[in-house]
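Hi everyone, thanks for coming. Let me put the structure up, and then we'll walk through a few parts of it.

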Amino acid sequence: MTRRFVLYTGAAVAAAALIVGCGAMGSSGGNPMSFFITSANPGKGGDLGGVAGADRFCQSLATSAGAGNKTWHAYLSTAAMNGQPAANARDRIGTGPWTNAKGVVVATSVADLHSANAKVGKDTSLNEKGEVVSGFGDAVNRHDILTGSRPDGTVAVPDPGKDTTCGNWTRSDGGSAIVGHHDHKGTNPDPVANASWNSSHGTRGCSVDQLKMSGSAGLMYCFAVN
């Protein structure tokens, strides 16, 4: 009887350890989330280390939230510059569908994401922690999300001498970037621009302080490519 009890107890302990181990594995990469707004800026305003640096930041935040088993890209466009061709945010994010940290589907495809049917809004565009990002009317407005894009997700081509992407996401002072309003609200005289989640207006500069002037904390949209 004693031997059987010992064997049973050992088996139970081993099973419990296996369950705990599986849980730990799931916490490092089992989160089904595939879309979020970054909870913070890397620290240099519009200088994100280029799109590659922005992608790495999205990946690191996703990993911290247990969704690092996917490949993450920032929703950012870049202008043709220094011999490099332009790139469109819509072409960098995979094919969808995408869900937020609460399991809500915000879009089923690239076309759906850039249509009136998209569920991208303040209540659904959560950060990687599942938290609502403050917006227009809140004590701290952070609704300007960096994109460098037009409403259809293509690059906002700058006029000569102008900037729409903070120097392709390498400038931490001066310049400008196109941002969208994640809450579809604002004081822009153009109501259509206020309603755009990805293309509302340009910022007053690319430094942390200059971004704050127009309601931006230098946050980005991140999407799982696979």
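Let's start with a pairing: L146 stands opposite V179 in β6. Before going on, this is a predicted model, where local features need pLDDT of at least 70, side-chain atom pairs count only at pLDDT 80 or more, and totals for chains, interfaces and linings use all residues. Residues are numbered from 1 along each chain as its sequence is written, and side-chain values use heavy atoms, leaving out hydrogens and water.

Strands here are DSSP runs of E with at least two residues, helices are runs of H or I with at least four, and both are numbered from the N terminus. Two strands pair if DSSP finds at least two bridges between them. Strand β5, residues 144-146, runs antiparallel to β6 with three bridges. On to β7, residues 201-202: two bridges tie this strand to β6, again antiparallel, and H201 is the bridge partner of V179.

Now, two residues other than glycine with positive phi. N82, in the loop between β2 and β3, has phi near 50 degrees, and N82 is exposed at 72% relative accessible area. C166 also has phi near 50 degrees, but C166 lies in helix α4 and is buried, at 0%.

Last one: a cis peptide bond joins G96 and P97, with omega about -5 degrees.

Technical notes: Buried < 20%, exposed > 50% of the residue type's maximum accessible area, 1.4 Å probe, protein only.
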